[in-house]
Amino acid sequence: MPHKSETILLSKITTLLDDLRREGAENGEAMFLLGAAAANLVDMGKGLNSWADFKAAVTREDIIKLLQQIDAEGNRMLDEDKVNYAYALQIIGMSLAALGSDYPQLQQGGALLDDIIETTHTNYRNYVQSQTDSQN
């Protein structure tokens, strides 16, 4: 039986996934920012190439620190009316919060978010590479 906190997180992830399915994934700016945020986190680890690599390498302590930073930054972005930034941070935060849960539905929800993050990360990297190639 899941803890109350896992049930709450699953509800939030389910709502977020529904929003992404309905319209969020069509928000080009938010998806670009999500890819950029994922790239920044991946780049923090030495020799990491993907979101999956990052999640495999991150420690519980790192997750707690990142979630605190994401919460503070997300609130600041909302205060500044930068909704797409906050949305991208929310997706990253929910994915990280689901990491390590034994609750199968929460693992599945986290995996669905990870798929979206990985796709936006790849798209962001491809965009950056295409910009670099066109400047050379």
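Predicted model: local features only at pLDDT ≥ 70, side-chain atom pairs only at ≥ 80, totals over all residues.

Trainee: Which residues have the most contacts inside the largest nonpolar core?

Mentor: A nonpolar core is a set of buried Ala, Val, Leu, Ile, Met, Phe, Trp, Tyr and Cys residues joined through side-chain atoms within 4.5 Å. Buried means under 20% relative accessible area, exposed over 50%, and partly exposed in between, with a 1.4 Å probe and protein chains only. Here the largest core has 35 residues, and W51, F54, I91 and I92 have the most contacts inside it. Two or more of its residues come from each of α1, α2, α3, α4, α5 and α6. The largest share, nine residues, belongs to α5. Helices (H or I, at least four residues) and strands (E, at least two) are DSSP runs, numbered from the N terminus.

Trainee: Is α5 mostly covered or mostly open?

Mentor: Mostly covered: twelve of the 16 residues of α5 are buried. Among them are N84, Y87, G93 and S95. The cover over the buried residues of α5 includes α1, α2, α3 (51-57), α4 and α6 (104-135).

Trainee: What span should α5 have?

Mentor: The expected span of a helix is 1.5 Å times one less than its number of residues. For the 16 residues of α5 that gives 22 Å, and the end C-alpha atoms are 22 Å apart, so the two agree. Just after α5, G100 has a positive phi of about 90°.

Trainee: Do E61 and G45 count as exposed or partly exposed?

Mentor: E61, in helix α4, counts as exposed because its relative accessibility is 52%. G45, in the loop between α2 and α3, has 21% and therefore counts as partly exposed.

Trainee: How is empty space found?

Mentor: Rolling a probe the size of a water molecule over the atoms shows where empty space is left. On a 1 Å grid over the protein atoms alone, a cavity is a set of points where a 1.4 Å probe fits but cannot get out; a pocket is an open set with protein on both sides within 12 Å along at least five of seven lines, and lining residues have an atom within 4 Å of a point. Points are joined across faces, edges and corners, and a volume is the space filled by probe spheres set on them. The largest pocket holds about 650 Å³. It is lined by 26 residues, with L9, L67, G93, M94 and A97 closest to its centre. α1 (4-22), α4 (60-79) and α5 (83-98) each give two or more residues to this lining.

Trainee: What does the second largest pocket have as its volume?

Mentor: About 290 Å³. Of its 15 lining residues, A37, N40, I70, E73 and L89 lie nearest the centre. α2 (28-44) supplies the largest share of that lining, six residues.

Note on methods: Residues numbered from 1 in each chain as written. Heavy atoms only, no water. Contact = heavy atoms within 4.5 Å.
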